Structure formats: structure tokens, C-alpha cells
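The following note comments on a single model, point by point. Please read it alongside the sequence and the coordinates.

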Amino acid sequence: MEITNINQLDLNKTYTFADYLMWRFKERVELIKGKILRMSPAPAPNHQRISQKINQKLYPFFENTPCELFYAPFDVRLPNKSGEILTVVQPDLCVICDRTKIDDKGCLGAPDLVIEILSPGNSKKEMNLKFSLYEESGVSEYWVVDSSEKFILIYSLENGEYISRKPVADGEILQSIKFPDLKFSTENLYEF
């Protein structure tokens, strides 16, 4: 049955990707371990500006590589250990180097790099739920951009656990761990 209003759903129920495909309502949601998480309304202009600036830094780096850069809305399906898809997220930006993971529905499996930009109302979700989710799913590198405090946290996966690097403060040079040749200045990243 096609669902046209989120109120038709039981938010306490566990859902799958097959259920997610039947939803036809305007509200943006993510599915985390079978539970529906409402996303904030459309991101604020500054969130979009930061996303665009980071995209402009990353695009030339990945343009002539096997890797592909995507930005939200773009579904990333993360199967659990038994292969069931109970998680569908929409990272602000992500890089996928294994093109066999890309299909007409988005990405199936862990991206190599995920970037999430904190907004009022989503910081707890990004810092807690998604941190654990990306770590357990095998996302090699995860950046959390804190636009209000003007720094970026970089986590790299080592032996199945995220290792945190020194925060990249406003105006400093950001260097990727997974892609060591990827580096850029964060100067003016937060200026509009």
C-alpha cells in the first residue's frame, strides 16, 4: 500500500527499505535500524552554502578518479550483518569509490567518505546515532562540520573503530586521512 502521509505510519514499528520505497509523502525521513527519524525541514541557507563550498573543494579532486561525489538528497542503504536493509540515510555529502555500490536507488553499502554538516536540531543525531552507524557500517572516513563553532571533526576507521583527529579550526588546512592528497584551506568556509 502506498503511504502518502507520515501519520499513516506507526513510528514505533520497525521498517525496511522495501517499506521506505512505498512512502510518497513530502516530509524527509531517514531509516535508522528500522526506525523512522524525521529530518529537519529543508536545510537553512548557511548549511547549503557550506555544503556547496565543500563540494567545490572536493569535486575537482575526485573528478578524474574512480570515486564519485554525491550530495543530499541521495539515499545510502546500509545493510545489517544479515544483509537486511533497515537503514537508509542521506548524508550531506559522500564519496563512493566502488562504483558497483551505485545503482538507480543510490548507494548500497558504506561510502568511503561521509560528510555531515550540523544544523540546529540535528547535532545530537549526527554526533551519536550516525557516528555509531557509520562506524559499524564501515565508512572509512567521517567528517562532522560544526558551522556554529567553525570546526570540522575528522574520524578515520582503524580496526573497526573511529579514531578522532585534531579538530580542523576555521582557517586551517584540512587533510583527509583516506585520501592524503586531498587537502584544502577552510578559510572563508563559514563566511557568507
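Which element gives the most to the lining of the largest pocket? The points below begin with the basis of the model and then take up that question.

1. This is a predicted model, in which local features need pLDDT of at least 70 and side-chain atom pairs count only at pLDDT 80 or more, while totals for chains, interfaces and linings use all residues. Residues are numbered from 1 along each chain as its sequence is written, and side-chain values use heavy atoms, with hydrogens and water left out.

2. Helix H2 gives the most to the lining of the largest pocket, with six residues. Helices (H or I, at least four residues) and strands (E, at least two) are DSSP runs, numbered from the N terminus. A pocket is an open set of points on a 1 Å grid over the protein atoms alone, where a 1.4 Å probe fits, with protein on both sides within 12 Å along at least five of seven lines; lining residues have an atom within 4 Å of a point.

3. The volume of the largest pocket is about 500 Å³, a volume being the space filled by probe spheres set on the grid points, which are joined across faces, edges and corners. Its lining has 32 residues, and Pro43, His47, Gln48, Asp92 and Ser119 lie nearest its centre. H2, S9 and helix H3 (123–137) are the elements that give two or more residues to this lining. By class, 14 lining residues are nonpolar, 10 polar and eight charged; here Ala, Val, Leu, Ile, Met, Phe, Trp, Tyr, Cys and Pro count as nonpolar, Asp, Glu, Lys and Arg as charged, and the others, Gly among them, as polar.

4. The second largest pocket holds about 200 Å³ of space. It is lined by 13 residues, with Pro79, Asn80, Lys81, Glu136 and Ser137 the closest to its centre.

5. H2 (residues 45–62) contains 18 residues and reaches 25 Å from its first C-alpha to its last, close to the 26 Å expected; the expected span is 1.5 Å times one less than the number of residues. His47, Ile50, Ser51, Ile54, Asn55, Leu58 and Phe62 are its buried residues, where buried means under 20% relative accessible area, exposed over 50%, and partly exposed in between (1.4 Å probe, protein chains only). The cover over these residues includes strands S3 (68–71), S6 (93–96), S9 (113–117), S10 (141–146) and S15 (183–185).

6. The largest nonpolar core has 22 residues, and those with the most contacts inside it are Ile54, Leu58, Ile115, Trp143, Val145 and Ile152. Such a core is a set of buried Ala, Val, Leu, Ile, Met, Phe, Trp, Tyr and Cys residues joined through side-chain atoms within 4.5 Å. H2 gives the most to this core, with four residues. Another core, of 21 residues, lies apart from it and includes Val76, Val89, Cys94 and Tyr134.

7. Cys107, in strand S8 (residues 106–108), counts as buried because its relative accessibility is 0%. Leaving aside neighbours within four places in sequence, Cys107 is in contact (heavy atoms within 4.5 Å) with Phe74, Asp75, Val76, Arg77, Ile96 and Lys101.

8. A cis peptide bond, with omega about 0°, joins Ala72 and Pro73. Lys33, which is not a glycine, has a positive phi near 50°, and Lys150 likewise has a positive phi, of about 60°. Lys33 is partly exposed at 45% relative accessible area, as is Lys150 at 32% relative accessibility.
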